[in-house]
Amino acid sequence: MLTKKAFDLKKIQRGNKALEVDKNLVEPLAKGYLERMSLDEKIEQLHGSKNSGDMGTEKGLYWSGENVEQGIPPLKMVDGPRGLRSGLATAFPVPMARGASFDPALEKRVGMAIGAEVAAVGGNVLLAPTINLLRHPGWGRAQETYSEDPFHMGLMGLAFVCGAQNFVLASPKHFALNNLEITRFEVSAEIEERALHEVYLPHFRRSILEGGAASIMSAYNKVNGTYCGENHYLLEKILRADWGFEGFVESDWLLGTRSTAPAINSGMDIEMPAAYWFKKEKIKDSIAKGEILPEIVDRNVLRVLRQKIAFGLDSEVEISKERIECKEHRSLAQEVAEKSFVLLKNEGVLPLKRAEKIALIGKLAATENLGDRGSSMVRSSNISTPLNALENWNGASVTYFEDPPARQLLQGFDVAVVVAGYTYQDEGEYIPTLDKESSGTDLARGGDRISLRLPIDQEELIGTVSSRANKTVVLLETGSSVNVSSWIDSIHSLLVVWYPGCEGGKAIARTLFGEVNPSGRLPVLFPKSDQQLGEWDVNAITLKHGLFHGYRYLDRNKEKPLFPFGFGLSYTEFVVRNVCINRKEGSFSVMVAVENVGKVDGECVLQLYVSCLDSEVERAEKELKGFGRLSLAVNEEMSLEFEVPDTDLCFYNPEEGWVLESCLYRFSLGFSSEDLPSSQTWFFDGVSWTNKG
Ligand code: BGC
């Protein structure tokens, strides 16, 4: 039987420039530059520069540290997570949608495509990926990140970094614990060391240790009372001393730097987008007062120079502008959308049949709804909306209504397809100076969602249609989870399409008509009620972070969500046939065989969770430790192989670091965090492992 690896690190890493660098060559070159530089020239490396009048942008690029005399190239930074934010570019489905693909190999290709488009406009630092863990799905920027789970986030973020770094430097952001919008410039994330290391940082660590991320963007917020931009514990102790990070840290924009000496001493290397705290006079003054040692300035400058040399920024390879919105990238955007849709309910309606008369209802069906209008906004030409795509679907009979038609009229259709959800007016990066209602191509204010329920007009739209139609399908456009409890029972099918990118409409049409079999899975659970996830205050000034949120929180409360993490239906059915776990040196090899027992071909996402059954410390009931995709024809059976290193079974003890407890461990396999039909337990006595069956 064919066996596939659930995750192939070597393949993901391939082509990542940071991992191919000969440090022995870079170091003397960087030091050589440093020796030839005056203090003024050094300081110029430490802040954003060009066009500071218009916030440092030049066609969306933020420059820093160009020195023509010394032959030092500038950094040219540009957003962002769902595509190049400069001119027209390929708008990919938002990262939360890509998270739903559970497909790091695909995410690497997205990273490569965005990296290539950035390089094509002359950029060399991509301000992405956003890998802030979704502590609560109401976070305004939920759509920009991948997941509520650190392991899942780790592989997706790593894949993006590796892909992007085939072309440019990546910049995972925002370090760290940035997960509330409205108070993002003030809020202090309160956290103990264990939760920090086990839950909120592992994905950053992975992007550095396995992905060689060349830079990191710090966050606006505070962690345990200290702004991230001057947080020595985060920037020097964890990033540098513990993880050995050798790249540079740039601040988040405007309010991301809060001081001169404390920030520089704490390891903030570049103030973006322009010099305010890092102005020459201020830095020189701090040096004169003995608040900053000259060698600290040298240390920070070296971190910048090293990456410029490592990535060969002085001899940039020209990437053709033709790459931007090229056919290959647009079809990748479509492929990703097709793998990201999550079918949550289907009572025999989908796929639609060609002969059926379809009423397509709701303004969003005709809206170019690509996501928020904060820094990750991307403008694309020719955006495929559900309306364009369904109207052009060969042989289909589709009639569009902006508002629900009268009962009598609607009864003449076999199926009503409602497009409902959010837009940039309901969620997104919070920019207080902007207008919430801004339209056209402008940025808009954004913010967190106070409630996970849809806006009232959207719930009414669904309610009215479902009360009049023969059958109702809802296509849900959103950046994160939605409280659908009040209307889920009144409809027949629910397909979450997120913000599906520039080819989203086509992907939707292909899925509705069964040319694509839905294979996305929820990277964030859908709760039964808002209250089920605990307290959520969008105006919080301190925010407690612990070991339990999302599925871990519900498990601990012995509660079930409406739709669990990892869940998604298909037009076919899969069953686990066999599980085999073997011990290897320092790790487990877990093989699971799955068969497609349904009537159509399809892809499934296998998930592996580990529980520590008799731990001495409080632990989550289970944690995701592996996932992978299998594409199976009807009746086909295949095996997926997971490798689980012992290090993934550890907990973090502030005194001793990572500890592998002598305990009973259960490996559970299946199709979501609540559907785990096979399991096996193993006992670790402190020295060796025994299979307990
Ligand atoms: C955002 C960053 C973004 C930066 C530059 C900030 O407001 O938080 O994510 O990269 O702006 O646009």
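Biologist: In strand 20, which residue is the bridge partner of isoleucine 581?

Modeller: The partner of isoleucine 581 is valine 590 in strand 20. Please note that this is a predicted model, in which local features need pLDDT of at least 70 and side-chain atom pairs count only at pLDDT 80 or more, while totals for chains, interfaces and linings use all residues. Residues are numbered from 1 along each chain as its sequence is written, and side-chain values use heavy atoms, with hydrogens and water left out.

Biologist: How many bridges join strand 19 to strand 20?

Modeller: Strand 19 (residues 574-584) and strand 20 (residues 587-596) run antiparallel and are joined by 10 bridges. Strands are DSSP runs of E with at least two residues, helices are runs of H or I with at least four, and both are numbered from the N terminus. Two strands pair if DSSP finds at least two bridges between them. Asparagine 578, for instance, stands opposite alanine 593 in strand 20.

Biologist: Which residue takes a positive phi in that hairpin?

Modeller: Glycine 586 does, with a phi near 75°, and the hairpin has 2 residues between the strands.

Biologist: What about strand 23, and how many bridges join strand 20 to it?

Modeller: There are 9 bridges between strand 20 and strand 23, and these two strands run antiparallel. In one of the pairs, valine 594 has methionine 638 of strand 23 as its bridge partner.

Biologist: Why is strand 20 described as largely enclosed?

Modeller: Strand 20 is largely enclosed by the rest of the structure because 9 of its 10 residues are buried. Buried means under 20% relative accessible area, exposed means over 50%, and partly exposed lies in between (1.4 Å probe, protein chains only).

Biologist: And helix 7, which of its residues are buried?

Modeller: They are Arg194, Ala195, Leu196, His197, Glu198, Val199 and Tyr200. Helix 7 (residues 193-200) thus has 7 of its 8 residues buried, so it is largely enclosed by the rest of the structure.

Biologist: Changing topic: how many salt bridges does the structure hold?

Modeller: The structure holds 47 salt bridges. A salt bridge is a side-chain nitrogen of Lys or Arg within 4 Å of a carboxyl oxygen of Asp or Glu.

Biologist: Which residue forms a salt bridge with arginine 141?

Modeller: Glutamate 429 does, and the closest N and O atoms are 3.4 Å apart. This pair links distant parts of the chain, 288 residues apart: arginine 141 is in the loop between strand 5 (125-126) and helix 6 (150-164), and glutamate 429 is in the loop between strand 15 (415-421) and helix 16 (456-468).

Biologist: Are those two buried or exposed?

Modeller: Both arginine 141 and glutamate 429 are buried.

Biologist: What is the partner of lysine 584 in its salt bridge?

Modeller: Lysine 584 forms a salt bridge with glutamate 641, with the closest N and O atoms 3.9 Å apart. Lysine 584 is in strand 19 and glutamate 641 in strand 23 (residues 637-645), so this pair links distant parts of the chain, 57 residues apart.

Biologist: How does lysine 584 count in terms of accessibility, and at what percentage?

Modeller: Lysine 584 counts as partly exposed because its relative accessibility is 43%. Glutamate 641 also counts as partly exposed, at 23%.

Biologist: Which residues are linked in a network of salt bridges?

Modeller: The network links Asp103, Arg109, Glu335, Lys339, Glu603 and Arg629.
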